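Please read the following walk-through alongside the sequence and the coordinates, taking each group of contacts in turn.

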Amino acid sequence: MTGVGWIFMGLFWIALIALIIWLVLRLLPSSGHAGPTPSAPPRFGGPDSAVDILDRRFAAGEIDLETYQSHRAALIAARGGR
């Protein structure tokens, strides 16, 4: 094999490896998308209910126990006691 042959063989393998890496990156899910944040649970469809949002705010420490209980009771009463 001449020197030119070695160069073309090296370029071929570099191109092949680059193509494989590009395909893997295109087929894998992107990590830069706006997915769920660590503080929010994954959403499987539809908007969260008001009680779910209230539960999450209480768990995150945004509201105190008294506020949580009063708001939760009001939401459940508004839904018909379910």
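Phenylalanine 12 has a relative accessible area of 48% and is therefore partly exposed, where buried means under 20% relative accessible area, exposed over 50%, and partly exposed in between, with a 1.4 Å probe and protein chains only. Tryptophan 13 likewise counts as partly exposed, at 46% relative accessibility.

Before going further, note that this is a predicted model, in which local features need pLDDT of at least 70 and side-chain atom pairs count only at pLDDT 80 or more, while totals for chains, interfaces and linings use all residues. Residues are numbered from 1 along each chain as its sequence is written, and side-chain values use heavy atoms, with hydrogens and water left out.

A pair of aromatic rings is described by the distance of the centres and the angle of the planes. Here rings of Phe, Tyr and Trp (its six-membered ring) pair if their centres lie within 6.5 Å, and planes under 30 degrees apart count as stacked, over 60 as edge-to-face and the rest as tilted. By this rule the count comes to two aromatic pairs. In one of them, the rings of phenylalanine 12 and tryptophan 13 have centres 5.4 Å apart and planes at 75 degrees, so the pair is edge-to-face. Phenylalanine 58 and tyrosine 68 form a stacked pair, with 4.3 Å from centre to centre and 20 degrees between the planes. This pair links distant parts of the chain, since phenylalanine 58 belongs to helix H2 (residues 50-59) and tyrosine 68 to helix H3 (residues 65-78), 10 residues apart. Phenylalanine 58 is partly exposed, with a relative accessible area of 32%, whereas tyrosine 68 is buried, with a relative accessible area of 15%.

The helices named here are part of a protein with three helices and zero strands, helices (H or I, at least four residues) and strands (E, at least two) being DSSP runs numbered from the N terminus. Read along the sequence, the pattern is α-α-α. Helix H3 has 14 residues and reaches 20 Å from its first C-alpha to its last, close to the 20 Å expected at 1.5 Å a residue, the expected span being 1.5 Å times one less than the number of residues. Just after H3, glycine 80 takes a positive phi of about 100 degrees.

Which charged side chains form a salt bridge with 2.9 Å between the closest N and O atoms? They are arginine 72 and aspartate 55, a salt bridge being a side-chain nitrogen of Lys or Arg within 4 Å of a carboxyl oxygen of Asp or Glu. Arginine 72 lies in helix H3 and aspartate 55 in helix H2, so the pair ties together parts that are 17 residues apart in sequence. Both count as partly exposed, arginine 72 at 27% relative accessibility and aspartate 55 at 26%. The structure holds two salt bridges, and arginine 57 forms one with glutamate 62, the closest N and O atoms being 3.1 Å apart. Arginine 57 is partly exposed, with a relative accessible area of 36%, whereas glutamate 62 is exposed, with 54%.

Valine 4 is found in helix H1 (residues 3-27). The accessible surface of the protein comes to about 7000 Å², of which 68% belongs to carbon and sulfur atoms, by the Shrake-Rupley method with a 1.4 Å probe, where for residues only the protein chains shown count as cover. Buried residues make up 5% of the 82 residues in the protein.
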